[in-house]
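Please read it next to the sequence and the coordinates.

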Amino acid sequence: MARGKIQIKRIENTTNRQVTYSKRRNGLFKKANELTVLCDAKVSIIMFSSTGKLHEYISPSTSTKHFFDQYQMTLGVDLWNSHYENMQENLKKLKEVNKNLRKEIRQRMGDCLIDLNMEDLKLLEEEMDKAAKIVRERKYKVITNQIDTQRKKFNNEKEVHNRLLRDLDARAEDPRFALIENGGEYESVIGFSNLGPRMFALSLQPSHPSGHSGPTSDLTTYPLLF
């Protein structure tokens with residue numbers, strides 16, 4: 001039975017379209033390779049799928065660059081000339097933008113003002129006032145954050161200090177602890193200069209009676225800050 005003629009039109013189903021593209025692309029590349037081998041021809045094929053993916057074939061005896069160089073020499077055309085001109089034009093525009101930006105920076109530093117009229121000077125002043133306002137707001141924000149951080153540190157340290165004082169007060173009320181005053185087993189207490197912290201020694205009395213009545217040899221010292 002003879003096969004019916006296939007109508008050439010766009011395949012609407014995406015999956016079928018991709019499968020057909022893959023099969024026919026491979027067949028085309030196979031034919032190009034056969035043409036290269038059988039006829040010693042230089043063949044180049046460049047394809048882009050509907051998704052923008054590049055597929056290409058180039059004869060092993062050449063390269064894409066050499067192929068297009070030969071194409072330009074044969075036809076006497078320059079494929080890259082227009083592209084180069086566009087690049088030069090784009091570069092010129094970028095240089096002009098860079099020049100204007102540098103000039104604006106110098107004007108904000110107080111230079112290059114001689115060419116500005118009254119309207120330009122007023123506009124520049126307004127822009128600098130806005131910029132200064134933003135900088136001040138950011139500065140105050142940073143200062144506020146630093147103050148909040150230091151306040152939190154201070155409160156934490158104060159809480160630790162108060163907790164230590166409460167612990168020391170609890171120890172002082174415990175009958176197992178006694179304060180060694182001047183003239184006791186220690187002749188003096190360790191202290192610091194005026195208004196500075198002072199350290200006193202606390203002796204820890206054993207909770208069970210010892211077998212002898214002599215002085216206690218073990219002494220645990222705790223700092224008391226006043």
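Does Lys99 count as buried or exposed? At 53% relative accessibility, Lys99 counts as exposed, because buried means under 20% relative accessible area, exposed over 50%, and partly exposed in between (1.4 Å probe, protein chains only).

## Basis of the model

This is a predicted model, in which local features need pLDDT of at least 70 and side-chain atom pairs count only at pLDDT 80 or more, while totals for chains, interfaces and linings use all residues. Residues are numbered from 1 along each chain as its sequence is written, and side-chain values use heavy atoms, with hydrogens and water left out.

## Charged surface patches

Lys99 belongs to helix 3 (residues 81-108), where helices are DSSP runs of H or I with at least four residues, numbered from the N terminus. Together with Arg102, Lys103 and Arg106, Lys99 forms a positive surface patch; patches are made of residues with over 30% relative accessible area and no salt bridge, like charges being joined within 9 Å.

A patch of negative charge on the surface gathers Glu119, Asp120, Glu125, Glu126 and Asp129. Of these residues, Asp129 is found in helix 4 (residues 118-173) and is partly exposed, with a relative accessible area of 46%.

## The annotated region

The unreviewed UniProt entry places a "coiled-coil region" at residues 77-111, although such annotations may be inferred rather than shown by experiment.

## Salt bridges

Side chains of opposite charge can pair when their charged atoms come close. With a salt bridge defined as a side-chain nitrogen of Lys or Arg within 4 Å of a carboxyl oxygen of Asp or Glu, the count comes to eight salt bridges. One of them joins Glu12 and Arg10, at 3.2 Å from N to O, and both Glu12 and Arg10 are exposed.

Within helix 4, Asp148 and Arg151 lie three residues apart, about one turn of the helix, and form a salt bridge whose closest N and O atoms are 3.1 Å apart. Asp148 is partly exposed at a relative accessible area of 32%, and Arg151 is likewise partly exposed at 45%.

Arg163 and Glu159, also in helix 4, are four residues apart, about one turn of the helix. Salt bridges that share partners join Glu159, Arg163 and Arg166 into one network, and between Arg163 and Glu159 the closest N and O atoms are 3.9 Å apart.

Conventions: Patch = residues over 30% accessible without salt bridge, like charges linked within 9 Å, V, L, I, M, F, W, Y side chains within 5 Å. Areas by Shrake-Rupley, 256 points an atom, 1.4 Å probe, with all protein chains shown as cover. Lys, Arg positive; Asp, Glu negative; His and termini not counted. Charge placed at Lys NZ, Arg CZ, Asp CG, Glu CD. Helix = DSSP H or I, 4+ residues; strand = E, 2+ residues; numbered from the N terminus.
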